[in-house]
Amino acid sequence: MAFCVDSSPAVGDHDVVHDTQRNALGAVRRFSDGNTYVYLKGATSVADGSVVAFQPGVWTAILVATGVKGSIAVAQAAVDAATKYGWFLYVGSDTITVRSAVASNVALFAGGVSGYADDAAVKGDQIMNMFCRNAAAADGGSAQIQIDRAFIGHSNESAG
């Protein structure tokens with residue numbers, strides 16, 4: 001469990017789901033685990049470790065999928081309804097669950113299943129500034145990721 005160490009205040013630990021909005025949407029704070037999180041409104045089916053996209057100004061999580069555009073973050077808890085709120089990893093490292101096998105030290109792309117990332121190159125679906133740091137097996141494998149203000153849906157990626 002990590003707590004906010006930023007000079008700006010934040011309500012709640014990084015892995016707690018709020019039933020009411022407790023922080024400004026889009027707030028970015030550094031926590032005691034060394035990671036930086038963004039505060040977002042949830043969406044249906046968002047689970048701990050889900051890869052989500054969001055649009056600045058809207059601040060609602062959308063499960064990442066092919067064709068989605070926006071900034072990227074990783075859910076830290078089941079913020080699984082539009083009436084829930086929570087902190088999402090924005091800069092740092094964490095573990096995500098993968099649906100297909102991924103290699104070590106590779107770029108990640110929107111996966112074939114919403115909310116998941118994999119290393120299968122698909123033009124226009126590379127998650128820029130998010131990398132897998134260890135090889136992981138398919139169907140429930142754990143991948144250590146590194147993320148730094150990631151985004152998706154831009155035409156400047158080289159893979160695919």
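Contact here means heavy atoms within 4.5 Å. By that rule, and leaving out residues up to four places away in sequence, Phe131 touches Val106, Ala107, Leu108, Gln144, Ile145 and Gln146. The model is predicted. Its chain has 0 helices and 10 strands.

**Overall shape**
- The chain has 160 residues and a radius of gyration of 15 Å, which agrees with the value near 15 Å for a compact globule.
- The C-alpha trace spans about 40 × 25 × 25 Å along its principal axes.
- Of contacts between residues at least 6 apart in sequence, 57% join residues at least 24 apart.

**Around Phe131**
- Phe131 sits in strand S9, residues 126-132.
- Phe131 counts as partly exposed because its relative accessible area is 31%, between the 20% and 50% cut-offs.
- Ala107 is 24 residues away from Phe131 in sequence, yet their C-alpha atoms are 4.7 Å apart.

**Nonpolar cores**
- The largest nonpolar core holds 32 residues. Val51, Ile72, Ile96, Ile127, Met130, Ile145 and Ile147 touch the most other members.
- Strands giving two or more residues to this core include S2 (36-41), S6 (85-98), S9 and S10 (141-152).
- A second, separate core has 13 residues, among them Val38, Leu40, Val46 and Leu63.
- Beyond its neighbours within four places in sequence, Ile147 contacts residues including Ile72, Leu89, Tyr90, Asn129 and Met130.

**Surface and charge**
- Of the 160 residues, 46% count as buried.
- The chain exposes about 7000 Å², and carbon and sulfur atoms supply 50% of that area.
- There are 10 positive and 14 negative side chains; the centres of the two sets lie 6 Å apart.

Terms used: Residues are numbered from 1 along each chain as its sequence is written. This is a predicted model: local features need pLDDT of at least 70, side-chain atom pairs count only at pLDDT 80 or more; totals for chains, interfaces and linings use all residues. Side-chain values use heavy atoms; hydrogens and water are left out. Helices (H or I, at least four residues) and strands (E, at least two) are DSSP runs, numbered from the N terminus. Buried means under 20% relative accessible area, exposed over 50%, partly exposed in between (1.4 Å probe, protein chains only). A nonpolar core is a set of buried Ala, Val, Leu, Ile, Met, Phe, Trp, Tyr and Cys residues joined through side-chain atoms within 4.5 Å. The radius of gyration is taken over C-alpha atoms; the globule rule is 2.2 Å times the number of residues to the power 0.38. Accessible areas come from the Shrake-Rupley method with a 1.4 Å probe; for residues, only the protein chains shown count as cover. Lys and Arg count as positive and Asp and Glu as negative; His and the chain ends are not counted. The place of a charge is taken as NZ of Lys, CZ of Arg, CG of Asp or CD of Glu.
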